[in-house]
Amino acid sequence: MQSPVPLALTALLVAGVATAQGNWKEFPYPKDNFAAQYPGEPKIEEHPYQTLLGSSVTERVYAFNSGGVVYMVAIADFSRIRPDKDKAIDEAANALIASGKLTHDVSARIDWYYGREIRVEDADGTSYTDAIFLIENKLFQLKVVYPAVNTDPAGSSGIHFFQQAFRLLH
């Protein structure tokens with residue numbers, strides 16, 4: 001017979017995560033056709049996106065820093081270039097992989113769109129998780145930067161929650 005302690009401990013951990021993420025709010029962005037849940041209102045910035053696939057591209061980043069953990073959706077508009085889906089996704093993945101040790105690389109999906117999810121860890125223990133998709137000539141990256149030392153109340157489960165709560169607006 002198993003001890004009820006591990007089960008009770010697991011229930012407390014799950015309840016704590018649900019409580020922490022219960023304070024998250026969905027922010028819709030019809031201009032970029034998505035909605036995402038964040039612990040607070042994200043800051044929006046635009047800047048050039050570096051690509052070898054063609055002319056200049058602008059990236060819009062929606063990011064929120066929660067106790068050192070940064071949750072972001074970055075969208076690079078490839079409308080003028082119309083790149084090959086796999087090349088655009090691989091270029092973004094390879095840029096992140098070059099920054100540390102690859103610990104996770106699997107296929108991913110949002111609705112009917114297939115992409116790639118990778119996780120890289122750098123020398124100081126910071127992990128970078130990035131789910132990458134090319135949807136209607138926009139490169140979507142659902143990124144979480146998770147420092148080894150942080151005070152985010154969601155803990156590492158916030159990474160999964162952030163990515164799973166993302167949705168496309170139709």
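**Reading Phe78 and its surroundings**

Trainee: Leaving aside neighbours within four places in sequence, which residues is Phe78 in contact with?

Mentor: Contact means heavy atoms within 4.5 Å. On that basis, Phe78 touches Tyr49, Thr51, Leu53, Val57, Pro83, Asn137, Lys138 and Leu139, once neighbours up to four places away are set aside. Bear in mind that this is a predicted model, where local features need pLDDT of at least 70 and side-chain atom pairs count only at pLDDT 80 or more, while totals for chains, interfaces and linings use all residues. Residues are numbered from 1 along each chain as its sequence is written, and side-chain values use heavy atoms, with hydrogens and water left out.

Trainee: Is Phe78 buried or exposed?

Mentor: Buried means under 20% relative accessible area, exposed over 50%, and partly exposed in between (1.4 Å probe, protein chains only). Phe78 counts as buried because its relative accessibility is 0%. Across the protein chain, 45% of the 170 residues count as buried.

Trainee: And where in the fold is Phe78 found?

Mentor: Helices (H or I, at least four residues) and strands (E, at least two) are DSSP runs, numbered from the N terminus. Phe78 sits in the loop between β5 and α2 (85-97). The protein chain has three helices and ten strands, in the order α-β-β-β-β-β-α-β-β-β-β-α-β from the N terminus on.

Trainee: Which residues touch the most other members of the largest nonpolar core?

Mentor: In soluble globular proteins, nonpolar side chains tend to be buried together. A nonpolar core here is a set of buried Ala, Val, Leu, Ile, Met, Phe, Trp, Tyr and Cys residues joined through side-chain atoms within 4.5 Å. The largest has 25 residues, and Phe34, Tyr38, Tyr71, Val73, Phe140, Phe162 and Phe166 touch the most other members. Elements giving two or more residues to this core include β2 (34-38), β5 (69-77) and α3 (157-165). Apart from it lies another core, of 15 residues, among them Ala76, Ala88, Val120 and Leu134.

Trainee: In what order do the three strands of the open sheet run?

Mentor: Two strands pair if DSSP finds at least two bridges between them. The open sheet reads β1-β2-β10, with antiparallel pairing. Its edge strands are β1 and β10 (167-168), each pairing on one side only. Two bridges join β2 to β10, and Ala35 has Arg167 in β10 as its bridge partner.
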